[in-house]
Amino acid sequence: MDELAGEISKEWKILGRRLKVKDAVLYAIHKQEDQVHEKAYTMLQEWKQAQGKKANFLVLCNALCDPLVNRRDLAEEFCCVCHSQEHLQGIFIQCEVYIRK
């Protein structure tokens, strides 16, 4: 999360809205934290806490790829996702979302 927060920078608030973090929470984070990195990190923590199990990497990937956020590069780096089925040695496999360490 910390590395992702460092990369989000100016998109942190837009990403927060795409993750359904309430505007009041985003405003409080904006006032509470001075550094953009800390704003992004706190927003991601709030998202995880508020959404629980619904705060998964598929949701994060979709938010990062949203046209308003437009950070597919971060989705590819932090959320490894295959959106389609691939044929591999005669077997169709469905890729799953997983954390990239």
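Helices (H or I, at least four residues) are DSSP runs, numbered from the N terminus. This is a predicted model, in which local features need pLDDT of at least 70, side-chain atom pairs count only at pLDDT 80 or more, and totals for chains, interfaces and linings use all residues. Residues are numbered from 1 along each chain as its sequence is written, and side-chain values use heavy atoms, with hydrogens and water left out.

**Helices H3 and H4**

- The axes of H3 and helix H4 (residues 36-51) come within 9 Å and cross at roughly 145 degrees; axes are lines fitted to C-alpha atoms, for helices over the stretch in contact, and angles run from 0 to 180 degrees between N-to-C directions.
- From H3, the contact (heavy atoms within 4.5 Å) involves Val 25, Leu 26, Ile 29 and His 30, while H4 contributes Lys 39, Thr 42, Met 43 and Glu 46.

**Val 25**

- Val 25 lies in helix H3, which spans residues 23-32.
- Val 25 is partly exposed, at a relative accessible area of 26%; buried means under 20%, exposed over 50%, and partly exposed in between (1.4 Å probe, protein chains only).
- Between Val 25 and Trp 47 there are 9.8 Å in space, C-alpha to C-alpha, and the two are 22 residues apart in sequence.

**Cysteines**

- The structure contains zero disulfides, a disulfide being a pair of cysteine sulfur atoms within 2.5 Å.
- Cys 61 takes part in no disulfide, and its nearest cysteine sulfur, that of Cys 65, is 4.1 Å away.
- Cys 61 is buried, with a relative accessible area of 3%.

Conventions:
Helices (H or I, at least four residues) and strands (E, at least two) are DSSP runs, numbered from the N terminus.
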